[in-house]
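Here is a short briefing to read alongside the model.

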Amino acid sequence: MSYVFQPAPAPSVPVVGRAERFPVRRIYCVGRNYVEHAQEMGFTGREPPFFFLKPADAVVVVNEGETGAMAYPPMTSNFHHEIELVVAIGKGGKNILAADAHKHIFGYAVGLDMTRRDLQGEMKKQGRPWCIGKAFDQSAPIGPITPADQAGDVNKAPIWLQVNGKDRQRSNVSKLIWNIAETIEHLSAAWELQPGDLIYSGTPEGVAAVVAGDTLVGGVAGLGTLSVKVQGA
Ligand code: MN
């Protein structure tokens, strides 16, 4: 096989305790999946799950114990953090039942669904796609993937985010409106999942803006922490 130019390198995420990395195929995200976050965005929280995507190369991979760098993106003055539990799919499938979802999960990671909230809001108002608000370069920081059998019970795990050492988001994965298994059931009815897919499962309440120079440190119990500093524009 020859190409007219060198293909871009495949985005990948380190795996805890393994030399091999997890190659990223797609990034699915769940919208408004915690009641109190849905409410802060002006919704009741009682709706079927809905999804959007980010490009695979939007990942900003941060190793455990390191602080990653994320550029302050262009065209926004309201750059929001959303701390999320990320599910890494190891076995593909379509129409997966919630009861079988665990068989398709390779592991879990801590991620940030970074959002240009002003642009997202404008697109919502106009009934246009969210891409410019959600799917921009470096919009998906992620820490190492912990294999599922080493992750503990993530469905009951505390999830939190601090900015410059101060609490911004603090909740528990048990408060998901659609839990991980139900999310996989809904998602796999709409798309055939494949190994390498990541699912950003939604953020709890407390989303707010960050500026250049801020350091975000977030975690999900059992999965370590993710630390990222916002660089200048
Ligand atoms: Mn989100």
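**Ser171 and the overall picture**

Ser171 is buried, with a relative accessible area of 10%. This residue of the predicted model sits in strand 14, which covers residues 166–172. Setting aside neighbours within four places in sequence, Ser171 touches Tyr34, Pro158, Ile159, Pro204 and Glu205. With that starting point in view, here is the rest, grouped by topic.

**The fold as a whole**

- Four helices and 18 strands make up the secondary structure of the chain.
- The radius of gyration is 17 Å, and a compact globule of 233 residues would come out near 17 Å, so the two agree.
- If you are setting up a view, the C-alpha trace spans about 45 × 40 × 35 Å along its principal axes.
- Of the 233 residues in the chain, 50% count as buried.
- Among contacts with a separation of 6 or more, 76% are between residues 24 or more positions apart.

**The manganese site**

- Which residues coordinate the manganese ion? They are Glu82 and Glu84, each through OE, and Asp113 through OD, at 2.0 to 2.1 Å.
- Along the chain, the donors of the manganese ion follow the spacing E-x1-E-x28-D.
- Glu82 and Asp113 link distant parts of the chain, 31 residues apart. Glu82 belongs to the loop between strand 7 (79–80) and strand 8 (83–89), while Asp113 belongs to the loop between strand 9 (105–112) and strand 10 (115–116).
- Are Glu82 and Asp113 buried or exposed? Both Glu82 and Asp113 are buried.

- Lys134 counts as buried, with a relative accessibility of 2%.
- Asp113 counts as buried as well, with a relative accessibility of 0%.
- A network of salt bridges links Lys54, Glu82, Asp113, Arg117 and Lys134.

**Other salt bridges**

- How many salt bridges does the structure hold? There are 11 salt bridges.
- Arg25 and Asp197 form one of them, and their closest N and O atoms are 2.8 Å apart.
- Arg25 lies in the loop between strand 2 (22–23) and strand 3, and Asp197 in the loop between helix 4 and strand 15, so this pair ties together parts that are 172 residues apart in sequence.
- Arg25 is partly exposed, with a relative accessible area of 32%, whereas Asp197 counts as buried at 0% relative accessibility.
- Asp167 and Arg170 form a salt bridge too, with 2.5 Å between the closest N and O atoms.
- Asp167 is partly exposed at a relative accessible area of 44%, and Arg170 is partly exposed at 48% relative accessibility.

**Helix 4 and its surroundings**

- Helix 4 covers residues 180–190, and its buried residues include Ile180, Thr183, Ile184, Leu187 and Ser188.
- Why do the buried residues of helix 4 line one face of the helix? Seen down the axis of helix 4, they fall within an arc of 120°, so they line one face.
- The cover over the buried residues of helix 4 includes strand 3 (27–30), strand 4 (51–54), strand 8, strand 9 and strand 15 (198–200).
- At the start of helix 4, a side-chain oxygen of Asn179 comes to within 3.1 Å of the backbone nitrogen of Ala181.

**Pro74, out in a loop**

- Pro74 is found in the loop between strand 6 (67–71) and strand 7.
- Pro74 is exposed, with a relative accessible area of 56%.
- How many residues apart in sequence are Pro74 and Phe136? Pro74 and Phe136 are 62 residues apart in sequence, and their C-alpha atoms are 9.4 Å apart in space.

Technical notes. Residues numbered from 1 in each chain as written. Predicted model: local features only at pLDDT ≥ 70, side-chain atom pairs only at ≥ 80, totals over all residues. Heavy atoms only, no water. Donors = N, O, S within 2.8 Å, 3.2 Å for Na, K, Ca; no water. Helix = DSSP H or I, 4+ residues; strand = E, 2+ residues; numbered from the N terminus. Buried < 20%, exposed > 50% of the residue type's maximum accessible area, 1.4 Å probe, protein only. Arc of directions from axis to C-beta. Contact = heavy atoms within 4.5 Å. Polar contact = N/O pair within 3.5 Å; in protein donor to acceptor, adjacent residues only side chain to side chain. Salt bridge = Lys/Arg side-chain N within 4 Å of Asp/Glu carboxyl O. Rg over C-alpha atoms; globule rule 2.2 N^0.38 Å.
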